[in-house]
Amino acid sequence: MNLLHEWPLVIFTLATQVAVGLVLALLVARIRLPADGAAIPEGGTAMPANGAPAASPWSHWPLLMVGVLTAVGLAGSLLHLGAPLNALRTLSNLGHSWLSREILAGLTFLGLWALTFHFHLRPAAAPPWMRHALALALALAGLLLLWTMARVYMMPARPVWDTWLTPASFLLTALILGAVAVAAYMERHPAPRPESWLPGFDSPSPAPAITASLNPGIDTPLSKPSLPAPANPGYTPSSPPLARPVGLLLALGLAAALAQLAVSSSHPVTEVLRTSGAGGNLANARILLLLAGAFFITAALAKDALVALGTGAPSGGGAGPGSGARPSSGEPSSTFNWSGLWTASALLLLLASETMGRILFYAMGTADPF
Amino acid sequence: MAPLLGFHLDASACIGCRTCVIACKSKNGLPPGRHFRRVIEYGGGAWIPDPEDSTLLVPSGVFAYCLSISCSHCEDPACVRACPTGAIQQRPDGIVLIDSARCAGCRYCEWACPYGAMAFDASTGRMTKCDLCVGMIDQGQEPWCVTSCPTRALEVGPIHQLRAAHGQLDALAPLPSGEDTRPRLVITPHPHGQPAGRGAGRSSNPERALR
């Protein structure tokens with residue numbers, strides 16, 4: 001079998017699924033679980049002078065990546081066409097063709113992302129209810145995109161694809177990579193406050209100094225936050241890992257990885273592949289990398305839990321001076337920033353595993369029909 | 001009203017000579033690697049040691065037969081359903097045709113067709129397939145594959161007449177069951193013909209059948 005014959009589609013499906021996964025993970029990250037002793041610090045209701053909430057600089061990058069990945073994915077699918085000039089015609093058979101429906105879902109997702117990102121950069125331009133609705137619509141559009149994408153493959157002529165395992169593995173790919181990517185990002189770029197990429201969902205800003213330096217209504221530079229990271233109100237040092245967004249995301253990623261392990265191990269074709277040549281090696285490698293990624297996520301969670309239980313110092317799950325996070329202003333960083341390396345490594349392993357899994361998916365489905 | 005056309009394949013007469021394949025390639029100018037009609041060889045069984053003399057091998061259920069298959073011009077074509085541009089349409093007489101001007105070359109129909117009838121033309125970036133020699137049909141002539149077959153294994157005509165004359169069987173292993181797309185195909189089975197989906201053999205030339 002030609003393992004790399006469908007590489008544009010491998011890129012298209014992976015990129016769009018990661019984009020949807022990022023959206024779902026960002027939505028999870030904004031859910032703040034109550035921690036013991038959580039309190040909003042005094043003076044924490046400061047708002048910028050003009051009364052509008054500030055854009056959250058740290059979440060510019062994850063949200064931007066959603067759009068970049070979706071655009072890359074759609075561009076990849078264009079490359080796959082034999083006659084790209086007819087690309088727009090592919091929306092012509094919505095009545096019967098799941099491919100037409102998937103393309104429409106992808107364009108809808110991209111359009112909603114553009115609106116969401118626009119109002120993320122200019123939060124003053126839309127009322128909070130609109131930004132909430134837009135964010136939820138984006139998440140729903142993402143799920144719809146995953147569903148239509150899976151239905152494209154579920155047809156009688158390809159029995160290997162025509163099972164519930166196809167949509168399950170697409171959703172799990174999105175959840176695994178999205179959750180771990182956002183967790184890795186959050187660990188290396190701690191949020192200045194319990195974070196929401198929906199400005200309307202924010203808790204009040206903890207310190208006037210931070211928000212006053214961000215001017216809403218004007219283009220917010222897409223720079224990494226260079227401000228000191230105070231402890232997150234609502235996340236005391238002894239908060240269990242799952243009470244913090246990063247811990248929750250890591251747990252979600254781990255659960256999804258284990259589910260994906262079950263899905264790909266139980267697929268009957270995987271059994272056949274494992275005993276045969278290059279496909280078999282790839283199938284085995286895919287499982288091993290998935291296990292390794294799950295192990296690294298577990299290590300990251302365990303590290304958080306041990307630090308929280310032991311020293312009481314804030315761990316990498318949130319922000320804090322003792323976590324190895326960004327040093328406070330004025331002090332040069334003299335040590336390598338180790339925070340989030342377990343999670344970043346897990347992300348690389350899982351990305352490799354999911355890529356292999358997707359290559360196998362196409363290889364086993366596009367074999368000769370007879 | 002035009003009668004709905006279909007194929008009759010007499011699998012007991014097909015000898016796998018591939019004259020039909022070459023005639024079709026010749027007529028349509030197909031390059032190496034692109035086929036509208038394909039011949040599948042299907043066989044099975046085993047050779048086992050003779051119980052009386054273990055140095056000898058004797059056949060046990062050995063069988064083989066050939067099927068010549070192109071587009072089945074189905075009643076509910078999967079390609080028409082799948083095509084996102086609507087480039088594939090079915091004429092009133094049942095012939096399924098691709099409008100090259102609309103085709104975007106996404107190859108989704110190639111996945112959707114249970115019979116592997118779709119062929120991608122790399123030089124134009126568009127899909128092509130058997131068109132039942134529609135130009136010749138419109139002039140009252142038969143397709144080249146039918147005319148060229150030395151054993152007269154292939155026949156084209158109104159499907160209701162073919163079914164009346166040759167029965168209702170529309171699938172034989174390794175072809176898929178006709179439930180999904182309802183091919184306008186009638187097959188006279190080979191004496192060792194196996195039921196679709198439950199064949200005891202395997203394709204002995206899967207690479208060559210589609211290349």
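Two strands are taken to pair if DSSP finds at least two bridges between them. Helices (H or I, at least four residues) and strands (E, at least two) are themselves DSSP runs, numbered from the N terminus. On these terms, the bridge partner of B:L5 in β8(B) is B:P158.

The structure is a predicted model, in which local features need pLDDT of at least 70 and side-chain atom pairs count only at pLDDT 80 or more, while totals for chains, interfaces and linings use all residues. Residues are numbered from 1 along each chain as its sequence is written, chains are lettered from A and ligands numbered from 1 in the order in which they are written, and side-chain values use heavy atoms, with hydrogens and water left out.

## The two chains

Chain A contains 10 helices and 0 strands. Chain B, in turn, has 7 helices and 10 strands. The radius of gyration of chain B, taken over C-alpha atoms, is 18 Å, close to the 17 Å that the globule rule gives for 211 residues, so chain B is as compact as a globular protein of that length. The rule is 2.2 Å times the number of residues to the power 0.38. Along its principal axes, the C-alpha trace of chain B spans about 65 × 40 × 30 Å.

The table below sets out burial and accessible area for each chain. Buried means under 20% relative accessible area, exposed over 50%, and partly exposed in between (1.4 Å probe, protein chains only).

Contact means heavy atoms within 4.5 Å. Among contacts in chain A between residues at least 6 apart in sequence, 82% join residues at least 24 apart. In chain B, residues 24 or more positions apart account for 61% of the contacts with a separation of 6 or more.

## Nonpolar cores

A nonpolar core is a set of buried Ala, Val, Leu, Ile, Met, Phe, Trp, Tyr and Cys residues joined through side-chain atoms within 4.5 Å. The largest has 89 residues, of which A:F109 and A:L249 touch the most other members. Helix α1 (residues 7-29) of chain A gives the most to this core, contributing 16 residues. Beyond its neighbours within four places in sequence, A:F109 is in contact with A:A19, A:V20, A:V23, A:V66, A:T70, A:L138, A:A141, A:G142 and A:L145. Another core lies apart from the largest one and holds 51 residues, including B:V39, B:C74, B:C109 and B:M127.

## Sheets of chain B

Strands of a sheet pair through backbone hydrogen bonds, either parallel or antiparallel. One open sheet of chain B has 3 strands in the order β8-β1-β9, with mixed pairing. Its edge strands, β8 (154-158) and β9 (185-188), each pair on one side only. The twist from one strand to the next averages 20°. Angles run from 0 to 180 degrees between N-to-C directions, and axes are lines fitted to C-alpha atoms, for helices over the stretch in contact. Helix α6 (residues 159-166) of chain B packs on this sheet, touching β1, β8 and β9, and its direction makes about 125° with that of β8(B).

Strand β1 (residues 5-10) of chain B pairs with β9(B) in the parallel sense over 4 bridges, and B:F7 has B:L185 as its bridge partner in β9(B). With β8(B), β1(B) pairs in the antiparallel sense over 5 bridges. Of the 5 residues of β8(B), 4 are buried, so this strand is largely enclosed by the rest of the structure.

A further open sheet of chain B has 3 strands in the order β3-β2-β10, with antiparallel pairing. Here β3 (57-69) and β10 (202-203) stand at the edges with a single partner strand each, so one side of each is left without a neighbour in the sheet. Strand β2 (residues 38-49) of chain B pairs with β3(B) over 11 bridges in the antiparallel sense; the bridge partner of B:Y42 in β3(B) is B:Y65.

## Backbone exceptions in chain B

Most residues other than glycine have a negative phi, and most peptide bonds are trans. The peptide bond from B:A173 to B:P174 is cis, with omega near 5°, and B:P174 is placed in the loop between α6 and β9 of chain B. B:H73, in the loop between β3 and α2 (78-82) of chain B, has a positive phi near 40° and is buried, with a relative accessible area of 1%. B:R152, in the loop between α5 (144-148) and β8 of chain B, has a positive phi of about 55°, but is exposed, with a relative accessible area of 57%.
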